[in-house]
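Let's take a walk through this one together. Have the sequence and the 3D view ready, and follow along as we go.

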Amino acid sequence: MPRDTLTREQIVHAAVELLDAEGLEGLSMRTLGRRLDSAATAVYWHVKNKDNLVLLAADHVWGELALPDPDSTDWRTAAATMATDLYGMFTRHPWLVQAFTAHVLYGEGKSRHDDHTLTVYEAAGFTCDQADQAAAAVFTYVLGNAAGAAATVSLTRRLTADGTTAQQQLQDAMAQAQEIAMRYPRLRTRLETPAATDYAASPDHAFEFGLQALLNGLEQQLSNLDPAPPGHRR
């Protein structure tokens with residue numbers, strides 16, 4: 001595809017697809033050019049470099065997030081909805097979790113989401129500083145939980161590429177990990193249950209459990225604040 005028929009939107013969309021399939025390690029201008037049926041040099045007319053492309057792709061997927069209206073629902077429901085939606089985005093695009101460790105991510109889509117998050121917590125009754133802290137606590141919780149899913153995707157991709165040798169190495173490592181865990185009574189009890197098929201797996205509904213516990217703590221902080229002025233929604 002000649003450079004004058006390419007658009008930045010086409011490039012970013014193709015980059016997201018490539019990142020979803022191959023991860024950060026699979027993204028290059030040459031590979032993206034092949035996906036677009038274009039020369040890599042044509043891509044450079046629209047994006048400066050790979051880092052710029054990651055930034056644009058990341059901000060593009062941020063646009064997938066819905067922003068609940070804080071005037072039509074209570075703050076806790078809105079906060080839980082946004083956190084769950086954010087977790088879903090991270091698990092759909094696990095490369096984004098990787099990107100946080102190597103890039104400073106910013107853009108219109110992320111700013112739109114971050115500003116709305118602060119709106120939700122300020123509507124609850126938190127002060128400006130407290131809203132910042134609450135939003136950061138929930139975001140860090142979501143990102144930390146998504147890291148496990150992202151690591152699984154990355155490992156699965158590598159095993160698929162490396163073949164049976166890597167698969168056997170994983171099975172051996174898991175067997176050794178379970179052997180060590182069996183020396184500890186509480187881990188042994190869980191490994192001996194019929195449902196314990198993966199030593200490294202999180203319990204079902206662990207994300208929802210932790211999120212509700214975190215929101216419980218924030219709600220308790222709200223109850224300890226001075227009463228809200230008349231007409232102020234919490």
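In what order do the elements of the protein run from the N terminus on? They go α-α-α-α-α-α-α-α-α-α-α, which is to say eleven helices and zero strands. Helices here are DSSP runs of H or I with at least four residues, strands are runs of E with at least two, and the numbering starts at the N terminus.

A word on what you're looking at: this is a predicted model, where local features need pLDDT of at least 70 and side-chain atom pairs count only at pLDDT 80 or more, while totals for chains, interfaces and linings use all residues. Residues are numbered from 1 along each chain as its sequence is written, and side-chain values use heavy atoms, with hydrogens and water left out.

Of the 234 residues of the protein, 34% count as buried. Buried means under 20% relative accessible area, exposed means over 50%, and partly exposed is what falls in between, using a 1.4 Å probe and protein chains only.

Let's settle on helix H4, residues 50-62. Its 13 residues reach 19 Å from the first C-alpha to the last, close to the 18 Å expected at 1.5 Å a residue (the expected span is 1.5 Å times one less than the number of residues). At the start of the helix, a side-chain oxygen of Asn 49 comes to within 3.2 Å of the backbone nitrogen of Asp 51. That's a polar contact, meaning a pair of N or O atoms within 3.5 Å; within protein, one must be able to donate a hydrogen and the other to accept it, and residues adjacent in sequence count only if both atoms are side-chain atoms. Asn 52, also in H4, has a contact of its own: its side chain reaches the backbone nitrogen of Lys 48 at 3.2 Å. Asn 52 counts as buried because its relative accessibility is 14%.

Now for the rings. The structure holds ten aromatic pairs. Rings of Phe, Tyr and Trp (its six-membered ring) pair if their centres lie within 6.5 Å; planes under 30 degrees apart count as stacked, over 60 as edge-to-face and the rest as tilted. Take Trp 62 and Phe 90: their centres are 6.2 Å apart and their planes sit at 85 degrees, so the pair is edge-to-face. Trp 62 lies in H4 and Phe 90 in helix H5 (residues 75-92), so this pair ties together parts that are 28 residues apart in sequence. Trp 62 is buried, with a relative accessible area of 0%, and Phe 90 counts as buried at 0% too.

Another edge-to-face pair is formed by Trp 75 and Phe 126, at 6.1 Å centre to centre and 90 degrees between the planes. This one links distant parts of the chain, with Trp 75 in H5 and Phe 126 in the loop between helix H7 (108-124) and helix H8 (128-162), 51 residues apart. Both Trp 75 and Phe 126 are buried. Going back to Trp 62 and Phe 90, ring pairs link them with Phe 100 and Phe 139 into a cluster.

How many cavities of 30 Å³ or more does the structure hold? Two. On a 1 Å grid over the protein atoms alone, a cavity is a set of points where a 1.4 Å probe fits but cannot get out, and lining residues have an atom within 4 Å of a point. The largest cavity has about 40 Å³ of space, and its lining consists of Gly 23, Pro 94, Trp 95, Gln 98, Ala 150, Val 153, Ser 154 and Arg 157. H8 gives the largest share of that lining, four residues.

Leu 215 and Ala 79 are 136 residues apart along the chain, yet their C-alpha atoms are separated by 8.3 Å. Leu 215 counts as buried, at 0% relative accessibility.

Finally, Asp 37 sits in the loop between helix H2 (29-35) and helix H3 (40-43). Most residues other than glycine have a negative phi. Asp 37 has a positive phi of about 55 degrees although it is not a glycine, and Asp 37 is exposed, with a relative accessible area of 62%.

Terms used
On a 1 Å grid over the protein atoms alone, a cavity is a set of points where a 1.4 Å probe fits but cannot get out, and a pocket is an open set with protein on both sides within 12 Å along at least five of seven lines; lining residues have an atom within 4 Å of a point. Grid points are joined across faces, edges and corners, and a volume is the space filled by probe spheres set on the points.
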